[in-house]
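Subject: Structure for your files, with notes

Hello,

Here is the structure for you to look through. My notes on it follow below the display.

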Amino acid sequence: MLMEKYFQKIPRDYILCNACLGRQFPSEKKDLNNAMRGKELKKKAGVRENQTKSCLICGQTMSSIERYADMIMKSLSDYEFNNFVIGARIPTSMIEQEDNLRAEFKLKGGETLKANFSRELNDEVSERLGVEVTHRRPDVTVVVDSLVDIVEVSSKAIFVYGRYNKSKRGIPQKRRRCLECRGKGCPECNLTGYSTTDSVEQRLTIPMLSLFNASRIKFTWIGSEDSNSLVQGNGRPFYAEILEPHIRKPKRMQSAINKLRDGVSLKELTLINKRPKSDQQFTISVQSKFTLNKRITKRNIQNLEESFDETSVKMLPANKNKSIIKNIHSVKVESIKGLIMQMKMECEGGLSIRRFITGEGDEVEPNISSILKREIKINQKMPFDILAVNLKT
Ligand SMILES: [Zn+2]
Ligand SMILES: [Zn+2]
C-alpha cells in the first residue's frame, strides 16, 4: 500500500518533529494527537528521536508551545477579559515547506502548521488561565509572530454613555489638534497630537483613560455648545469608544465621576453593550439673554411666541446646498428690561442656536430677529446656555 510505504519513508528521509510528522497522517490512529502519532510513526520506522536537529517544516516552532504560552501569559497579565483567542503568524517559508512535502507525497487532509500551532497554544493558555477561547469578537486577541518571536495583544473596544455639565464659561467642547505637529505628536503636545489647551474633551479624557487603562478615546458628542455656553440640568449626553482598554469593568467608576469638578463635571457614566447609533435624535432647551436695537411691544412678544409654537425652520448649513428642516417646539420670552430680552426655547438638536436668534448669514429662516424685525446682538461672553438635552428614543 502506498501510504504504508510513506509511513516508513517520510520519517527516515526527513527530519521532522513529532507534531509535524504526525500532522501529515490525520487518518491514522485518530485517537492520538499529532505529536503522539508522529512519535509512534518514528518508532515503527525505526527512527530515533533527534531532539537537537530542528524540524524541516517548523524549525523549533512546535516544540516551543510552552515557551510561547509563558510569553502570552506574561503579556496578558495586566488585561481584564472574559474570553480570548490566539492567532499565529508563521513564516511563508515554513508554509511552503509543508506544502512541498504534501505535494510530493500527495498527502491530504492534514491540519496546517499554522492551525496546529495556534490550536495548541489556545488549548494550553486556556487551560492555564481557566478562560474560554472564542473566535467571535473576543475581549482580547493575541497574535504570536514566530519569525520575530513576539507576542502582540489587542483588546476589543468598549463603549460608554455619559452626560457632562459645564459650569464655567470659556471651555470649548472639543480638543484641538496640536498646531506644532498637526496631530502627529511632538514634544509640544506630549506626543498626543492634541493641543493641551483646556476643553471638555481633554477634561473627560484624562480620568477615563486611567479608569480603563486605555490608549485612546473617541468621543461622539450629541450636539455641541459654544465655548462660552454653560451646560446645566441633566447635562449633555455623549458616547465614547474606549480603545485598547486593559480594564473592562472598572470598579472606581463613581470615584472617577466625582473627581471631575471645577467647570466640567460628569453627571453619568455607564458602560453600554454595543456601538451606539450615530444619528441619535435629541431636543434641547436653551436660555439666552441678548440686546435688541429697538424696544418691542407685548404684541411683538405674542407674535414671536405664536410664530414658534410647534413649527419648523429651514436651516442652510454653511458650504451645503441642501437645506435642513429643524423643529422648533417653543420660544418663551422670560423678561424684557429696556432693550435686554431673556428667552427660553426648546428645539430639535442640531439647530444653530446663535443663527436662529440673530439671523446672521441668512442661514436659518425664519429666525427670532426676522420675526421681531429687530437686530439682535448676542453677548459673546455668555451667548446662550443649555438647560437640558433630551434623547429621543
Ligand atoms: Zn515541526
Ligand atoms: Zn504636537
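Helices (H or I, at least four residues) and strands (E, at least two) are DSSP runs, numbered from the N terminus.

Before the rest, some conventions. This is a predicted model, in which local features need pLDDT of at least 70 and side-chain atom pairs count only at pLDDT 80 or more, while totals for chains, interfaces and linings use all residues. Residues are numbered from 1 along each chain as its sequence is written, and chains are lettered from A and ligands numbered from 1 in the order in which they are written.

Domains

The chain is divided into domain 1 (2-155), domain 2 (158-272) and domain 3 (282-391); these bounds come from an automatic or database domain assignment. Taken over C-alpha atoms, the centres of domain 1 and domain 3 are separated by 69 Å.

I call a residue buried if 20 or more other C-beta atoms lie within 10 Å of its own, exposed if 12 or fewer, and partly exposed in between, with C-beta atoms placed from the backbone. In α3 (residues 34-44), the buried residues are Asn34, Ala35, Arg37, Gly38, Leu41 and Lys42. They cover an arc of only 160° around the axis, which puts them on the same side of α3; the arc is that of the directions from the helix axis to the C-beta atoms. Lys43 and Lys44 are exposed, on the face of α3 turned away from its buried side.

Lys29 is found in the loop between α2 (18-22) and α3. Although Lys29 is not a glycine, its phi is positive, about 40°. Lys29 is partly exposed, with 13 other C-beta atoms within 10 Å.

Nonpolar cores

A nonpolar core here is a set of buried Ala, Val, Leu, Ile, Met, Phe, Trp, Tyr and Cys residues joined through C-beta atoms within 7 Å. The largest has 40 residues, of which Tyr164, Ile242 and Phe356 touch the most other members. Helix α7 (residues 200-212) gives the largest share of this core, five residues. Domain 2 (158-272) and domain 3 (282-391) both contribute residues to this core, so it lies between them. Apart from it lies another core, of 30 residues, including Leu16, Val85, Met94 and Leu121.

Two residues are in contact if their C-beta atoms, placed from the backbone, lie within 7 Å. Leaving aside neighbours within four places in sequence, Ile242 is in contact with Ala157, Ile158, Val160, Met208, Phe212, Ala214 and Ile217.

Strands count as paired if DSSP finds at least two bridges between them. Strand β5 (residues 158-166) and strand β7 (residues 231-243) run antiparallel and are joined by eight bridges; Gly162 has Phe238 in β7 as its bridge partner. Strand β6 (residues 216-221) also runs antiparallel to β7, with six bridges, and Phe219 has Ala240 in β7 as its bridge partner.

The expected span of a helix is 1.5 Å times one less than its number of residues. For α7, with 13 residues, that should be 18 Å, and its end C-alpha atoms are 18 Å apart, which agrees. The buried residues of α7 are Val200, Glu201, Arg203, Leu204, Met208, Leu211 and Phe212. Covering them are elements that include β5, β6, β7, α8 (253-259) and β8 (264-272). Just after α7, Asn213 takes a positive phi of about 45°.

Met253 is in helix α8 and is partly exposed, with 16 other C-beta atoms within 10 Å. Leaving aside neighbours within four places in sequence, Met253 is in contact with Leu211 and Leu269.

Backbone points to check by eye

Most residues other than glycine have a negative phi, and most peptide bonds are trans. Arg137 is not a glycine but has a positive phi of about 45°. Arg137 lies in the loop between β2 (132-133) and β3 (140-145) and is exposed, with 9 other C-beta atoms within 10 Å. The peptide bond from Glu365 to Pro366 is cis, with omega near -10°. Pro366 lies in the loop between β13 (364-365) and α11 (368-372).

Regards
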